[in-house]
Amino acid sequence: MKRSRLLTLLVGGVFCLAVMSLYRMLELMQGAEPQPHRDAPDEQVDEDLSRLQQKIDRLEHLLSDNNRLVATLRDSLLQRKASWERGGGGANVSSDSTHSQAAPPPGCRLAEDMKDGADGVQLLDVYDLLPFDNPDGGAWKQGFEIGYRGDEWDEQPLELFLVPHSHNDPGWLKTFDGYYQDQTRHILDNMLQKLSQDHSLVGAGQLELVTGGWVMADEANSHYFALLDQLMEGHQWLHRHLGVTPSSGWAIDPFGHSPSMTYLLKGAGLQNMVIQRVHYAVKKHFARQQTLEFLWRQTWESSPRSDITCHMMPFYSYDVPHTCGPNPAVCCQFDFHRLPGRRVFCPWRVPPQPITDQNVQERALLLLDQYRQKSQLFRSPVLLVPLGDDFRFVETSEWDVQFTNYQKLFDYFEQHPELHIKARFGTLSDYFQALHRRLGAAGTSLPTLRGDFFTYADRDDHYWSGFFTSRPFYKRLDRTLEATLRATEILFSLTLAEMRRFGADGRPDARFPARDHFRRLTVGRRNLGLFQHHDAVTGTGRDPVVVDYGTRLFHSILNLRQVLQSSAHWLLLLDKSQYHHDQSKSFLQMDEVMSAQDALPQKTTLELSDEPRSLIVFNPTEQLQTSVISITVDSPDARVVDAETGRPMAAQISAAWVEPSQVSTEMFQLSFVAELPPLSLLVYHVTKAAAGSAPRARYTIHRRGDRPVVHTKHFQVSRPPEDDAPLLLSNKHIQLWSSVETGLLQKLRLPSGRLQQLQVQFLWYGTRTRTNQEKSGAYLFLPGEDEPQLYPSSESPLVRVSRGPIFSDITSCFQHFTHTVRLFHLDGHAGRSLEISNMVDIRSEVNRELVMRFVSDVANGNRFYSDLNGFQMQQRRTLLKLPLQANFYPMTSAAFLQDSGSRLTLLSAQSQAVASLRPGELEVVLDRRLQQDDNRGLGQGITDNKLTASLYHLLLEDRRGGAQEVGGATVEHLSLLAHLTSLSLSHPPITMVAPSDSQLPKLRPFLPLRLSLPCDIHLLNLRTLEDTQEAESPSCDAALLLHRKGFDCSSAPDPPPLCTWSAHKEVNLEDLFSPLRFRSVRHSSLTLLHDEPESAWQPQRITRLQPMEISAFRVQLD
């Protein structure tokens, strides 16, 4: 009773406080307003009414802020009450001091509540079940003999759809443009000529545009932002130019398949999909069970809301020999493009025959046997038979030979009803409509499946885990463009909204090149989209193709920076009339320069004087960020102040190292701490300071044996102590110890007292060495029989320890890489993780792969978690029955190990392969250099390695309790802290510099949001849409994309982060984005082709955001 009285009193007190606050605010507002005169003219009345409207608006915002405050207090009180009821008192503390004492945030309960679906097939359980042996299956080498009686179709005839297709890679052996000129345009021209004379192919149902994305995307390395963006770009283009809305997905060549892609397809309005590249043993198992068609459900989802009907092709490939039935030698005889005398032939040495009256019966029955065998693998008598391959139907004669010969066979089937088959040419939608019709009539339901289809093997022990890392330089460049595009989209949209607010006619400022900038945005979207192709971001194109992709990424980054700089310029000007766009030189310049598509960015040196230089920092995230901003200056004495308030910022000067032991005498690194409100542009002034006034980093240089001499007059460089004690760095959150000989991490301690053994190692993997053995290449990882070699420490690295007030770090300079571990002396989540960066150069090596491995005492058994496309976490199980290369998985942005007491999370700024080969271990492949082709069609090795940067944050957290089982597999999310850390890692602040001109116009900060968004709501994008009337021009509409993250309950940051979260599924968009206002809001599908009526949204702007869900809105900002 005492507890409930106390709670009632506390809630009552909070309510009274809120009411009194509001009353006082109203009183102050009234007191601050001048009283109108009784005889005021009309203008005065209008002014007073306007002022009253403003007052009401302000009161509305105060009320909404107050509501949010009360909701947050209520949530925390309910949480506190729950903990009291569980533990018998508010002061109840676990006796296990290693466990975090912070209460879990209430919003995480929602994510936990969704983990209750155990129905259907869980792919992890299938992997546990399968022996992964590979017996000879006869004609179907990787399968089994298929039998049938012959009377199975007497009641329901076999209904067959032959679907012609051509798989056109937008870059692989040739560039995108090369393929278009040589093949793709001829296919399109022939299609128009052969299929129809009136060119209304789509409307007539003769031509179907499947998936509708900009490309057939890779599903292993691509981030979900880019996957959705390329889907939206494709769908918007199709809808605008052809009036088409895709309904079915077609993914026959990505090297493994992810449920993140199915989520996006379903959210975009697609109902069905086809996949092909799945491990041959899984295909065989599904074929035996007749589960090749299934409802693919998200792992974290308990309802069928996200289900999509999926058809898995059963055989080795999507070419004609592997699609009509189980025997490729027979099926190849029905690829009439391979008729004798044509340029393609059958490797089984039995060529096709033209169909004649004399052979049609024998040919038709031979083909029907394959169709019947294949249909035995499915639950319905409807059969999909694709007819195509890479770059098919280039020549007009191929259209003729395929159509005429198949039509003779189909006519024969029709003339012989005793065969019980109806065969016709059709589209994918024709097939799925017939499938659903037959399933519905028979009352048959498809099984539900959860999980993903990685890692793919097409034969033997040939696992496609190499491409998870191949060409890592470009995988990093991909994410740089992605972050630049998102930041530019948001700032450009906000700029147009501000211009409409300022302008009398509600149109953009005429001096602002909105149309040119929108074109640059469009090209940026399309180049990012193009690079998501399954031979681009994968690193599996030929060298000249890779250069072409890299050049497109590089030019788009430069062009998007122009849009970003121009938008920031307009927003920052106090007097908008001073805006002037100079095409040749932007008013603002980036603080780093990219000189070429294969070069790392370099910081520009800022020349300092007594006159302040204006530095502009843009925070592209929806959260208040405490960030360390680093720039290069020409003086060791510098000062940074907030331009608006004159407040000096905490800073440190560090050395710029041109060689491991050589300090630059002309450049210095200036780092300062910035508190950056969400989506803000802040202005700082940097000036030269009095000599010695700026805090400087102090250095210690270690090297066993030959200790180098460092000459510098600006920095203190100490000799190390003689005792060989481990190197120690610490802040208020973490203590770390590193080896004095290598500088590599050895252990960590948290404030809870938890001491975690945590070693960093580097290793080499080789490849197979025996003759006639397949070797690693761009696609495949085929390591040698020997254990990987620990990176030799025979040549001792130079170890550099830096200590300063803003950050401290340890840098180890080895021959093939430079490795840095940095600790920030910051409050908030920025100080809770280790920043790890590598600079890798393996251009001197032959057939080697460099790996970074973490060895800890986390007791995770054989289970660990890696992310799928940055969208969700997937449990992995390291299986001893599989070869080593099969236990590597894609990591787009995160992986973690956990036991009941702790979780170790690695957050990554780029995609690469990850594995946990033994308990407590987590390793990532940094780069691979391989001299030979791996016989998957590329025809070359990968030897175009670059000096490559990789960036991570490592997070160790205390944990409470275990995880919940779902169908034999635990569903886990990143912690709140990991989400926030990953956000700042993927979307770092963007720094720009104003000219060094004393006559600069007055700049003021731009602060579009009053508060951060809730911690678990991510602003995925705010993307200006194309004008429906004027092509290549921005409209007033924008796509607002919000992702509500699911986060883990077992660890909670203490103290909690400086953002709110809610235990409720409903959110008010006006509150979230206050003081921004929406003129209109329409909920829509993820690619904005299916809008809900606007009336459903007026006037409250309240929407449901479920954990893990992405929601899309068509909005107009007011």
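In which kind of crossing, left-handed or right-handed, does H7 pass H15? The section on this helix pair gives the answer.

## Overview

This report describes a predicted model. The protein has 1118 residues, of which 59% count as buried. Its secondary structure comes to 18 helices and 48 strands.

## Helices H7 and H15

Two packed helices are described by the angle between their axes and the distance between the axes. Helix H7 covers residues 224-242 and helix H15 covers residues 514-531; the angle between them is about 120°, and their axes are 9 Å apart. Angles from 65 to 115 degrees count as roughly perpendicular and those over 145 as roughly antiparallel, so H7 and H15 are classed as oblique to each other. H7 passes H15 in a left-handed crossing.

On the H7 side, the contact involves Phe225, Ala226, Asp229, Gln230, Glu233 and Trp237. On the H15 side, they meet Thr522, Arg525, Arg526, Leu528 and Gly529. By type, the residues of this contact divide into four nonpolar, three polar and four charged. An α-helix has 3.6 residues a turn, so residues three or four places apart point the same way.

## Helix H16

Helix H16 runs over residues 543-572, and its 30 residues should span 44 Å at 1.5 Å a residue. The C-alpha atoms at its ends are 43 Å apart, which agrees with that expectation. H16 is mostly covered, with 21 of its 30 residues buried.

## Helix H17

How many of the eleven residues of helix H17 are buried? Ten of them are, so this helix (residues 976-986) is largely enclosed by the rest of the structure. The buried residues are Leu976, Leu977, Ala978, His979, Leu980, Thr981, Ser982, Leu983, Leu985 and Ser986.

Met312 is found in strand S6, which covers residues 308-312. Its relative accessibility is 0%, so Met312 counts as buried. Leaving aside residues up to four places away in sequence, Met312 touches Ile275, Val278, Lys283, Phe286, Leu292, Phe294, Phe378 and Phe453. The C-alpha atoms of Met312 and Glu293 are separated by 6.2 Å, and these two residues are 19 residues apart along the chain.

Gly777 is found in a loop, between strand S25 (755-765) and strand S26 (789-790). Gly777 also counts as buried, at 0% relative accessibility. Residues up to four places away in sequence are again not counted; Gly777 touches Ser470, Arg928, Leu930, Gln932 and Asp934. Between the C-alpha atoms of Gly777 and Ile942 there are 6.9 Å, although the two are 165 residues apart along the chain.

## Backbone exceptions

Most residues other than glycine have a negative phi, and most peptide bonds are trans. The model contains exceptions of both kinds. Arg349 is not a glycine, yet has a positive phi of about 65°. Arg349 is found in the loop between helix H10 (328-331) and helix H11 (360-375). Is Arg349 buried or exposed? With a relative accessible area of 77%, Arg349 is exposed. Leu679, not a glycine either, has a positive phi of about 55°. The loop that holds Leu679 lies between strand S18 (662-676) and strand S19 (681-688). With a relative accessible area of 2%, Leu679 is buried. Ser680 has its place in the loop between S18 and S19, and Ser680 counts as buried at 0% relative accessibility. Not counting residues up to four places away in sequence, Ser680 touches Val617, Phe618, Asn619, Phe1006, Leu1007 and Pro1008.

Which peptide bonds are cis? The bond from Phe454 to Thr455 is cis, with omega near 5°. Thr455 lies in the loop between strand S9 (448-450) and helix H14 (472-502). The bond from Ser1074 to Pro1075 is cis, with omega near 10°. Pro1075 lies in the loop between helix H18 (1069-1072) and strand S46 (1078-1084).

How values were computed: Residues are numbered from 1 along each chain as its sequence is written. This is a predicted model: local features need pLDDT of at least 70, side-chain atom pairs count only at pLDDT 80 or more; totals for chains, interfaces and linings use all residues. Side-chain values use heavy atoms; hydrogens and water are left out. Helices (H or I, at least four residues) and strands (E, at least two) are DSSP runs, numbered from the N terminus. Buried means under 20% relative accessible area, exposed over 50%, partly exposed in between (1.4 Å probe, protein chains only). Contact means heavy atoms within 4.5 Å. Axes are lines fitted to C-alpha atoms, for helices over the stretch in contact, and angles run from 0 to 180 degrees between N-to-C directions. Angles under 35 degrees count as roughly parallel, over 145 as roughly antiparallel, 65 to 115 as roughly perpendicular and the rest as oblique. A crossing is left-handed if the near helix is turned anticlockwise from the far one by less than a right angle, and right-handed if clockwise. Ala, Val, Leu, Ile, Met, Phe, Trp, Tyr, Cys and Pro count as nonpolar, Asp, Glu, Lys and Arg as charged, and the others, Gly among them, as polar. The expected span of a helix is 1.5 Å times one less than its number of residues.
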